[in-house]
Amino acid sequence: MIKQVTEETLENGKRYWKSLDDLACKPSFKNWVEREFPEGASMLEGVQRRGFMKLMAASFGLAGLGMTGCRRPEHTILPYGKSPEELIPGVPNYYATSMPSAQGHTPLIVESHEGRPTKIEGNPSYIPNGGGTSIYAQASVLDLYDPDRSKSSLKRSNENEDSWDVISSDQVKEDLVNLMKEGKVAILAEKSSSTARKALSELLIEKGVIWTEHEAIDLTSPEYKLGNAIGTDSGLRLIPNLGKASRVLSLDCDFLGNREPFSLANTRALMKGRKVLSAKDAKKMNRLYSVESDLTITGGVADHRLRLESSQFIAFTNLLAAEIFTIRKSGSKAEITRLQERGNVLKTHAKWIRECAVDLCSKHKSSVILPGGHLPAEVHLLCYAINQALGCIGRTVQYQVTDKPASNLLSLQEAIGKDNVKTLIFLGGNPVHNASSLDWGNLSDKISNKIHLGDSVNETTSICDYHIGQSHYLESWDEGETWDGTGIVPVQPLLAPLFETMADLELLQLLLGSSQNTHDFVKSLQEKRSSTDSYEDFLRLGVEKQMPTYYSKEIPLSELSKYKEQIPKPPTLDSLEVLLIPDFHAWDGRYANNGWMQECPDPISKLTWDNALLISPALAKTLEEKYPSLGLIPEPTMLNKNGEIAPDAANFDHGKQKAPIVTLSISENQTIEGPLYVQPGLADCSIIATLGLGRTEVGRVGNGTGYNAYPLLGNNFDRIVSNVSIEPTGEFETLANVQEHWSMEGRAIVREGNAEEYISDEAFASHMGAESHSPKIWGKDQEADLKFKAQTTPRGNSSYEHPDHNYEKSETPGLHQWGMAIDLNQCTGCSACVVACQSENNIPIVGKDQVLRGREMHWIRLDRYFSSTARDGAELPSDVQVSFQGVACMHCETAPCETVCPVNATVHDEEGLNAMAYNRCVGTRYCANNCPYKVRRFNFFDWNKRQTDELYKGPLGKKNDPLPDMGKNPDVTVRMRGVMEKCTYCVQRIQESKIQVKVKAQRNALLSTGKDGADIELSNEDIKVPDGTIKTACQQVCPSDSISFGDLSDPESEVSKLKNNPRDYSVLGYLNTRPRTTFLAKVRNPNHSMPDFASSPHAAREYHDKAHPTHHEEGDHDNHAKEGEKH
Amino acid sequence: MSSKVTDQADVISPELMKKVNPAKWEEVPLVLNKRNFHWVTEKICGIVEQKTPTWWWWCFITAMGIASFTGLGLVYLVSTGVGVWGNSNPVNWGWAIVNFVFWIGIGHAGTLISAILCLLKQKWRTSINRASEAMTVFAVMCAGIFPLFHVGRVWFAWWLFPLPNANAIWPQFRSPLEWDVFAVSTYFTVSILFWYMGMIPDLAVLRDRAKETWRKYFYGVLAMGWRNANNHWRNFEMAYLLLAGLSTPLVLSVHTIVSFDFAVANLPGWHTTIFPPYFVAGAIFSGFGMVLTLLLPLRAIFRLHDLITEKHIDNMCKIILATGSMVGYAYSMEFFIAWYGANSYEGFAFINRAFGNYWWAYWIMVSCNVICPQLFWFKSIKNNIPLVWIISIFVNVGMWFERFVIANTTLSRDFLPSSWGYYSPTVVDIFTFFGTFGFFSILFLLFLRFLPLMPMAEVKSVMPAADPHGGKH
């Protein structure tokens, strides 16, 4: 719609356009509509000086309310007329706030530089998240500076249906009040856990407003499914307490990933139980079983994983329930027989299910079963019964009683049908796009006023005649609950709205006719609630505790017998099922215009800027036979056939993935088109489609990315769709995959062992890799302590004398020796570190075209490898184990990059950092070639200066919009073209901490001696940064604490201790690069009795097979671990 | 020499010789058809003094057109960014470094012919050395373009030179790229000196024969007052010998150091000690390939059959055969060591070279560099000039692919499979490289037009007339 508007307007000239949304009149706008590749989130027509001055004045006024005053533009220096309180130029301020969402508000601490929010961190005061944040929270700061945001309110012009007039906020207020007076107002809101909004909505309902809520991927739906099934009228929300769990079974439930709520807390709790630093820990390690159709990051962590189509979970859960009830001796024989019959289809998996049940029951009270939100009510009820039978309710799982659900879309439809709606207000969200099964055209004809409050113009705007720009959460006041209901958290603005926008609360207040501003309203709510804590404390801490109510009634097992309908038939390769899941990049579509999210590779498929229809290797093979021209799986090469390397999962043409586009259809009008992607680890007959991309009315970044899968989502919003047929279109699409090769090729890169191997040999990781049978790199000093190793140079067997790194002898001895340890056993692959690093270090996005050329700029990348049981030549495996490895600059002690740089642009500093002097770099790229870890990133173009679709135009290309520059971290250089860059260990954070410690020491000296700190000599101990003070961006965001950073010269530091753990190893240690970043080997905890048990993880077996091919005969894989020990 | 020995034996013991009945050793003269000094002077000077032939203009204009591709390519590159080339992570060096090594390699034959063959008193070098030296100088100029412009910020490329500065920042002397700067610039300087110095007596001839004023000044200045005096000749010969001595190690060192760009890196397939000799052999191989590619057409155009005889061609074919076999040996030895070294990364690097994603490049390389030159075992092929010319082009193609294989197979699949990638050049890459042939041709055409193609004095010195004893002592 908007597109048509623009074209129309262009022909008619700029008549109706004033300032901000003359975006529609710009040739650049037309350009982006037609452009093949999207570009950086980096444009907009500039922050106007006049507007800026206005905002500054407003900000000063609000400074006393805990806001940081004003922001500073990039290119103009504006001295403060009167300096705002608490503001030291150059020193960031931190404010507690939270990110609102339907999945519970995420408590945050936001870093603000001179009034500009730049970096988002988790609020550690909220214990379950422990300071971690989700990837979306990390990326949300970019949305604040999105040039495609709505910058004002728009109204469809009276004269011309297809053009829009900009209207002032005063006019908006007046119009809203008038509409309210007219009555028959309905609101369709996106779901939210905002308590403030809820309070207002109740007032509105009293006033006769029809309040409905809609969310395409409704994570609250399972609680109502369960509530209904049990027969309460409230919701029963499953809150896992995985910290206490020793056995976890996930039923198609990606509880660590983006598909389920509370994933941060789940990750933190579950991974804590997998932290093994000694044999004792390994014995207590928890065990995760995962049954799933898609390969999720939860399945990647799992010790045992079963591939099963989503429609088969009713049968599966019945069979599981039967086994558990039998073992736990609950339920009558007849009931158990009935359950067995209902699960009969899955007899082939009987052993898996039985052994799993035995294991779960052996640790009853500390085991838990988690069903996926998209599964039917029967599964949720059965899981409740199983959890009850296991005696874990109240221990490892709680069922929190939640409020009744709001009326949904269908009741709105009904009200419109009865002509009860004259004015419909869309409160955020994008229902026209993500509830596309509704006949919106027809519905909207019956409503005279359609108003859309949204952060940007989207598909929903196109049926409306009024668009109100919505403020970002960093610009608004609000408060809401966390998902588990244990906390109420404030939403505190970091700055006054950048543009003429309105928060949802403000709009509701207007409708209510209240003149109270949102700040006062939120404050009043808090004061009503709490008499002890002041509002200031609430804001300062950012969390207020509350006690939710839990449901713990026993349900009789006879309840289960009410489910009598036919169990769905297993899908076959001819009649497939589709599972619709939220897209990693865009979630339900809301982050589609976020460049960081678009360019962050999906953890499993490693796709950027696109989604794909994921299919299993088995299905791929069938399709390939049926349609040989698809080219789904590449022709095996000689290396594949001889087992030198594994076959590629996709067809790579010149390193670019060529994916055939197919049509999926359920019925004639429910079809989608999308590219196929072969994904090992998928259930054979499942197709995984993601919702959220393929938007039609979206900003410059999201335009043209991916396909739209919403048409498959029916009226009931059931995300499991069956009886789907697949038909190739004969067309192909190029997908930007950042990792072409999925196998580790038996190289000891991610080293893995089973818990039992670990218990018998804690140092199993050091018995792998080329260095395990090469001469000792440290010679006689092999056993020396870490401090010695970090700071001295081994002479080993090298005839060349390395430069002396003995810092104590140097003129400027390093006070600290920085190092990092990454525990591979803690990493789930959530990828939050990638975006956190991007946000902290001003890393540009490069666009799909450049990603296809292999020029993505991420400083930390998450390598994802699959390993499998022994493969047959060029066959693609179906059952795989997933290994993740975060790789950033390793800060090698004898860094290969340093010796080859002809101009000394990359050098070692006295604290062991491999420093990169951007100013000195001429860009020979020799360092990047010689880096064995391939972590160096080159500025092939002026990413920061030039629009991503104008890169090839050089100086003639258009410049980037300055708005996103406001979100850049002023402590980090923005790199120009032609220079190399890479991870710095967040050197800006190191320096900041060092300065702070020194300042503090000087202050203390002043207090104790009376002399100015500058005059007295501070001892090394005084200015040494205490362990734990510095957190790198990747470390801070990590929900599972898999990254540790600190001073190696301090034997008591966490990182030193980890490095002395026998599990610690260097990747490619044999090269003697002596990386400062080392890894702790991954430990899996499989169950002996399971049918898929292997005595070593597949990756370890692959290594031993390749490293010692002569040591074994075929089929004799079990001895490898032992062989490894001999080395 | 050997004919003289036979003669002596004949005298000493005629009976024995009758009994042995040795084959008659034909001493093929280096200048055929009993040409005299005057003919040589006329022939060589005539090329420069004649009216510019039409074909020259056509070639020159075409060469200019082709060279403009390089010019435009570089302007685009510098104004826009290295991204206009196909380089990426993990293949951060693409065609640029391949082309650099390729051109530098070509630049080896000239100095080898002039210096090493001079020291070894190989008289046949005289009629080909001038053109080869010119080729060397021009090839090094072409080579220099690539490492200079492949850097991200070419306006700071001068930081590679050890210039004293206020910040006291020096280049990093451990980097092979820094060694390249010294090795290549030294080589270029010495090659130019050698080339120019050898030309002085001939320039004097041209000066003396010049009729137009500009020629008199042009050659007069270049000839630096050469008067053919005895002491001039004495100094000349001594300086020439010294320069030959100085250049000889350079022939070996330049490509050794270029090979260090790879060998000093720690990547599998690069980190090998065989690289220096193997690169030098390859460079001589490609250099002679290029000499043949250039001289055979010149021989036909300027009717130089009496000066560049079949013997010359035969000799060059033999060198190509020898060096080609060395290169082939190196290829197989790499595989052996990779297997013998038992390092799985090394092992894979070589299997991947032959059978991996760039297998086609590897087999083009093997067929051109190893198989093709083996045809030179056959005299009939060596004597078939068109065939020799075609094979010489194959040698050039093969040697380009050798560098391509070395540079790209290793980088595209090194240590961590997660970072494996595939490199393909862009149009800009291709045209920039293509243009350097135009640039080279411009220089070579100018050389043909204005400078003596052969060292007349040296050619005359190997003619029978130069020998007062008429070949007999």
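**Contacts between and within the chains**

Guide: Between chain A and chain B, the count is one salt bridge. The model is predicted, with local features requiring pLDDT of at least 70 and side-chain atom pairs pLDDT 80 or more, whereas totals for chains, interfaces and linings use all residues. Residues are numbered from 1 along each chain as its sequence is written, chains are lettered from A and ligands numbered from 1 in the order in which they are written, and side-chain values use heavy atoms, without hydrogens and water.

Visitor: What makes the meeting of B:Asp414 and A:Lys934 a salt bridge?

Guide: The term requires a side-chain nitrogen of Lys or Arg within 4 Å of a carboxyl oxygen of Asp or Glu. For A:Lys934 and B:Asp414, the N to O distance is 2.8 Å. The pair is therefore called a salt bridge.

Visitor: Which elements of chain A give two or more residues to the side that touches chain B?

Guide: They are helices H23 (638–641), H28 (896–900) and H29 (926–930), with strands E31 (861–867) and E35 (937–938). Helices (H or I, at least four residues) and strands (E, at least two) are DSSP runs, numbered from the N terminus.

Visitor: How many residues does the contact take from chain A and from chain B?

Guide: Chain A gives 67 residues and chain B gives 62 residues, contact meaning heavy atoms within 4.5 Å.

Visitor: What area is buried between chain A and chain B?

Guide: It is about 5300 Å², with carbon and sulfur atoms giving 55%. Buried area is the accessible area (1.4 Å probe) that two parts lose on being put together, summed over both.

Visitor: Why is B:Thr70 called buried?

Guide: Buried means under 20% relative accessible area, exposed over 50%, and partly exposed in between (1.4 Å probe, protein chains only). B:Thr70 has a relative accessible area of 5%, so the residue is buried. B:Thr70 belongs to helix H4 (residues 54–80) of chain B. Leaving aside residues up to four places away in sequence, B:Thr70 touches B:Ile145, B:Phe431, B:Thr432, B:Gly435 and B:Thr436.

Visitor: What does the side chain of B:Thr70 reach, and at what distance?

Guide: The side chain of B:Thr70 reaches the backbone nitrogen of B:Thr436 at 2.9 Å. A polar contact is a pair of N or O atoms within 3.5 Å; within protein, one must be able to donate a hydrogen and the other to accept it, and residues adjacent in sequence count only if both atoms are side-chain atoms. The pair of B:Thr70 and B:Thr436 is therefore a polar contact.
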